[in-house]
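Subject: Structure handover

Hello,

Below is the structure I said I would pass on. My notes on it follow, grouped by topic.

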Amino acid sequence: MPKSIDVDRFVDEIREQVDSIFSLSSELELNQDKVREIVKDIVEIVTSQYSSKPDTESLLKRIKRNSKILSEYIAFKILQVEKLSLRQLEYIIATGGKAIIPEASRLYKLAVSYNREDLVMTLRKIWNTMGSREMLPCPKCGFNAITPDRSCMICGNLVPSDEYIRTQLGFDEKFKSYLKTASIAELNEVLQLGQVLLTRTGIYNPRSSIVRKNQVVYVIYLKQDEVSKIIEEIGSRELKI
């Protein structure tokens, strides 16, 4: 931002116009302090792109040209409001983009309280597109948000057993492949631990260093027939244990 730019002066000059462009005080029901705060942020963001002092008209034109990007920023700022109105919620979900991911659980519960399934659907699409693609879909809310501890990050639903996770990630086929590719030492270690790690890409030893640091990993406890298959596989190998 050029040092000669007086941000506060620009804010005073264009606040009403910017308020009108984005309907900050009318439709979005923001008080004047919040409106001024947002307008000042917008002025600082836009003027930072200039190498010399702009005039008011060119500044407003650039704000209008970048209204989509700035609307996402406004949605981020409205998220800081403690109690969101229905109109604010609609605006945030419609324009917030990736900025709403950290607040998705709060927004979901608010949309449900307003009985707005259309907002839930839009929020779900944003989450499933822009959020983690490794987590499993929750059978209750449909968001890809089942964490390794089997709870849903969005609605709080708890998956009670391994079966859902096994089915979703195709455990049986992955286990057959794992039996044939794992070393005898690794199979013995899995036997001792009684569990494996399951991801979208495969099955791993719980002590494996192959699993990526931020990869979503589910702990799966072995059934008796799976333990028997491991013992049988070890016994069929020609290599000595």
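Predicted model: local features only at pLDDT ≥ 70, side-chain atom pairs only at ≥ 80, totals over all residues.

Strands of a sheet pair through backbone hydrogen bonds, in either a parallel or an antiparallel way. Here, strand 3 (residues 195–198) pairs with strand 4 in the antiparallel sense over 2 bridges, and with strand 5, also antiparallel, over 4 bridges. A hairpin of 4 residues joins strand 3 to strand 4.

Some individual partners can be named. L198 is opposite I203 in strand 4, and L197 is opposite Y204 in strand 4. On the strand 5 side, L197 has V219 as its bridge partner.

In a regular strand the side chains alternate between the two faces of the sheet. In strand 3, Q195 and L197 point one way while V196 and L198 point the other way, and all are buried.

**Helix 3**

Which residues of helix 3 are buried? In this helix (residues 56–65) they are L59, L60, R62 and I63. Viewed down the helix axis, the buried residues fall within an arc of 160°, so they line one face of helix 3. E57, K64 and R65, on the other side of the helix, are exposed.

What do the buried residues of helix 3 pack against? Their partners are helix 1 (7–22), helix 2 (32–47) and helix 4. At the start of helix 3, D55 has a side-chain oxygen that reaches to within 3.1 Å of the backbone nitrogen of E57.

**Aromatic pairs**

A pair of aromatic rings is described by the distance of the centres and the angle of the planes. The structure holds 3 aromatic pairs. Y73 and F76 form one of them: the ring centres are 6.1 Å apart and the planes stand at 40°, so this pair is tilted. The cut-offs behind that word are under 30 degrees for stacked and over 60 for edge-to-face, with the rest counted as tilted. Both residues lie in helix 4 (residues 67–78), 3 residues apart, which is about one turn of the helix. Y73 has a relative accessible area of 24% and is partly exposed; F76, at 40% relative accessibility, also counts as partly exposed.

Another aromatic pair, Y108 with F143, is edge-to-face, with 5.5 Å from centre to centre and 80° between the planes. Y108 is in helix 6 (residues 104–113), while F143 is in the loop between strand 1 (136–137) and strand 2 (144–146), so the pair ties together parts that are 35 residues apart in sequence. Y108 counts as buried at 12% relative accessibility. F143 is buried too, with a relative accessible area of 0%.

**Charges over rings**

- R9: its charged end sits over the ring of F10, 4.9 Å from the ring centre.
- R166: its charged end sits over the ring of F171, 4.2 Å from the ring centre.

Setting aside neighbours within four places in sequence, A75 is in contact with Y91, I92, T95 and G96. The C-alpha atoms of A75 and A94 are separated by 8.9 Å, and the two residues are 19 residues apart along the chain.

**Positive phi angles**

E29 has a positive phi of about 60° although it is not a glycine. E29 is in the loop between helix 1 and helix 2 and counts as partly exposed, at 47% relative accessibility.

N115 is likewise a residue other than glycine with a positive phi, near 60°. Its place is in the loop between helix 6 and helix 7 (117–130). N115 is exposed, with a relative accessible area of 69%.

Regards

Definitions and conventions
Residues numbered from 1 in each chain as written. Heavy atoms only, no water. Phe/Tyr/Trp six-rings, centres within 6.5 Å; stacked < 30°, edge-to-face > 60°. Buried < 20%, exposed > 50% of the residue type's maximum accessible area, 1.4 Å probe, protein only. Lys NZ or Arg CZ within 6 Å of the ring centre and 35° of its normal. Arc of directions from axis to C-beta. Contact = heavy atoms within 4.5 Å. Polar contact = N/O pair within 3.5 Å; in protein donor to acceptor, adjacent residues only side chain to side chain. Pairing = 2+ DSSP bridges.
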